[in-house]
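Subject: Handing over the structure

Hello,

Here is the structure I promised to pass on to you. Please open it first, and then read my notes below.

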Amino acid sequence: MSKRVGVYICHCGTNIDGMVDVEKISDEIGAAGGDVVVSRHYKYMCSEPGQKLIRDDIVELKLDHVVEASCSPKMHEPTFRTCVSQAGMNQYMFEMVNIREHCSWVTDNRDLATVKAKALVEGAIARVKHHKPLVGSKKPVTPAALVVGGGIAGLTTALKIARSGYKVTIVEKEEIIGGRMAQFDKTFPTLDCAGCTLTPKTSEVGRHPNIEIITKAEVTGLIGDGVLEQVEITQAGVVTTRKAQAVVAALGFVADLGAMKEWGLELEKRHVVVDSAMHTNFKRVLAAGDITEYPGKVRLIAVGFGEAATAVNNAAVVIDPTAHVFPGHSSEGS
Ligand SMILES: Cc1cc2nc3c(=O)[nH]c(=O)nc-3n(C[C@H](O)[C@H](O)[C@H](O)COP(=O)(O)OP(=O)(O)OC[C@H]3O[C@@H](n4cnc5c(N)ncnc54)[C@H](O)[C@@H]3O)c2cc1C
């Protein structure tokens, strides 16, 4: 079935137009026809007159899909989604491409920037035609997390989550928590007493009202309809579940990944591949400590501390979408 697509390309003043031939792209896309019913360019599409152009076209030309080529979707996707929905179009029938940060701002070659911008717009036109109207829904969630592994990385992660006011479960396969650090007297490179760092953490974890510790247990499954909702735990053959919005895998350097192999995580040898935010390939599952793998990884306690902080801040946003990844500095506001 043919579609009725409207294409709108923004100059962003000279931000885009200075390096991308916006008018040429708009004319060529319009002349190519096909499912494109209208192709327009305007100085500032995000302005009220720019948005009005789109709204009027949706109504008058009976558009069923809209493509916007302008700045980063982070900046104005909500603006344009609101704009199309004000004209009665489902907001998800809209597609946006970033020809500012991805084209005009990253080159001084006007010809190549124009070629790339046109290709992005054409890609968006091809894509938007597959969009279907969607309806948002809300589900009650339990703002809680689960940490697998009670070594220094897992304990640090759990404490940070608990101190932020969220419930957290630690699942440890051994009888006691502490991990490898519990076996050391002093630690390289500072020759600090290992117990002096570890014991305050194990004690606080043990008494923190937001923390539940389950030892001699393993995570045997992640349960959820598209996104993680619950975690299955097996302890002495007995299977239970805990609600969790995020899981942080902090299993350390393990010889046998056991049940974790079945989670569907991207592994490299015996490690879990993470990005710079400590996210694994599995939505809502993060990792920290010796278990992680990325270029240049160093397996030291201090690195685990840093990764725990990164994982917690990124997990916080998963648990509570109103939270911020950057927690701020203690000196702020003082
Ligand atoms: C011999 C040796 C000496 C070291 N010396 C130093 C040093 O001097 N200075 C330094 O900075 N670093 C040192 N390191 C490195 C340091 O020990 C690690 O970087 C650090 O302990 C990693 O912490 P972690 O929490 O990631 O892992 P770990 O301390 O290994 O903790 C992982 C925890 O996860 C649990 N676990 C594993 N699998 C599962 C599972 N399937 N389910 C549930 N729980 C699970 C484990 O039982 C363990 O409690 C040394 C390492 C070794 C091996």
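**Where the ligand sits**

The ligand lies between domain 2 (144-249) and domain 3 (258-319), because both give residues to the shell around it; the domain bounds come from an automatic or database domain assignment. This is a predicted model, where local features need pLDDT of at least 70 and side-chain atom pairs count only at pLDDT 80 or more, while totals for chains, interfaces and linings use all residues. Residues are numbered from 1 along each chain as its sequence is written, and side-chain values use heavy atoms, with hydrogens and water left out.

The ligand is surrounded by 26 residues, and the closest are A153, E172, R180, F188 and D290 (a residue is near if one of its heavy atoms lies within 4 Å). By class, this shell has twelve nonpolar, seven polar and seven charged residues; Ala, Val, Leu, Ile, Met, Phe, Trp, Tyr, Cys and Pro count as nonpolar, Asp, Glu, Lys and Arg as charged, and the others, Gly among them, as polar.

Now for the polar contacts (pairs of N or O atoms within 3.5 Å). A side-chain N or O atom of E172 is 2.5 Å from an oxygen atom of the ligand. For A153, a backbone N or O atom lies 2.9 Å from a ligand oxygen, and a polar backbone atom of L251 is 3.4 Å from one.

**One bond to look at**

The peptide bond from F188 to P189 is cis, with omega near 0°.

Enjoy exploring!

Definitions and conventions:
Polar contact = N/O pair within 3.5 Å; in protein donor to acceptor, adjacent residues only side chain to side chain.
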